[in-house]
Amino acid sequence: AAQDLFSLCPISQAAAAYHAQNDGFLTQQVLAEFEVPVEDSLKVDYRGYQVHACDVWCQGISLLEALKIIDGVDLAKLGHNSPDYVHMVTEALNLAFGDREAYVGDPKFVNVPVKALLSDDYAARQRARINLKRALGSLSAGGNPEGKPVTAGIHEPVNAAARGKVGTAPETTYARVIDRFGNAYSATFSDTTDDASVIPGTGLRVSSVGRQSMADGGGKVLVLD
């Protein structure tokens, strides 16, 4: 009932009208037909904890893969936040993000090898790619979870030294706090504020995170944050 009301309310009407006036693509029909499905999460066991993430229409699997990679490392022995500790965690994330670029996408269009990416065997093979004496240096190429090597990610990162004043990066911001009583607050502010307008009369913006989507040569959506 709430969704039906929203698709016909003044807020959605104002958003659709604003898009129509500015060559946007959001329509009231899109708002009326969209439904959020209820689905199972992805999960891995990590040192006594069960960690969950959303399915592969987002990049949550990257965290799960990184945890699987470092699960076989004695981090305590490396020393909390020591150079080796930070190096190991950073490289594990690098490898997971390399796989994100190579394999992860909207499951309606892309067959993502989830089971293989989160397997113990693949985690061990990815872990073996980490060299404590040398950093990967840039975004890694995707691995071969199913025995099908990938020689490069979907795109290569552009690394450039910053000069002068550096503005805010148009990326996700994460905030968390835990008080002495154990109460926790966690929030991910995915939307940026520099690339979308406030809909006049509403005080609200339509999310612009879809701009991070990438399409391959066949027009299939590969990554949606």
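Residues are classed here by relative accessible area, buried meaning under 20%, exposed over 50% and partly exposed in between, with a 1.4 Å probe and protein chains only. The structure is a predicted model, in which local features need pLDDT of at least 70 and side-chain atom pairs count only at pLDDT 80 or more, while totals for chains, interfaces and linings use all residues. Residues are numbered from 1 along each chain as its sequence is written, and side-chain values use heavy atoms, with hydrogens and water left out.

A salt bridge is taken as a side-chain nitrogen of Lys or Arg within 4 Å of a carboxyl oxygen of Asp or Glu, and a search of the whole structure on this basis finds 4 salt bridges. One of them joins aspartate 71 to arginine 47, with the closest N and O atoms 3.2 Å apart. This pair links distant parts of the chain, 24 residues apart, since aspartate 71 lies in the loop between α4 (60-70) and α5 (75-78) and arginine 47 in the loop between β1 (42-46) and β2 (49-53). Helices (H or I, at least four residues) and strands (E, at least two) are DSSP runs, numbered from the N terminus. Aspartate 71 is partly exposed, at a relative accessible area of 31%, and arginine 47 is likewise partly exposed, at 40%.

A salt bridge is also formed between lysine 68 and aspartate 120, whose closest N and O atoms are 2.4 Å apart. Here too distant parts of the chain are linked, lysine 68 being in helix α4 and aspartate 120 in helix α8 (residues 120-127), 52 residues apart. Lysine 68 is buried, with a relative accessible area of 13%, whereas aspartate 120 is exposed, with a value of 57%. In a further salt bridge, the side chains of arginine 100 and glutamate 101 meet at an N to O distance of 2.8 Å; arginine 100 is buried at 18% relative accessible area, and glutamate 101 is buried at 4%.

With a disulfide defined as a pair of cysteine sulfur atoms within 2.5 Å, the structure holds 0 disulfides. Cysteine 54 is in no disulfide, the nearest cysteine sulfur being that of cysteine 58, 4.7 Å away. Cysteine 54 counts as partly exposed, at 41% relative accessibility, whereas cysteine 9 counts as buried, at 14%.

Valine 209 is placed in the loop between β6 (204-205) and β7 (214-215) and is buried, with a relative accessible area of 9%. The C-alpha atom of valine 209 is separated by 9.7 Å from that of alanine 196, a residue 13 positions away along the chain.
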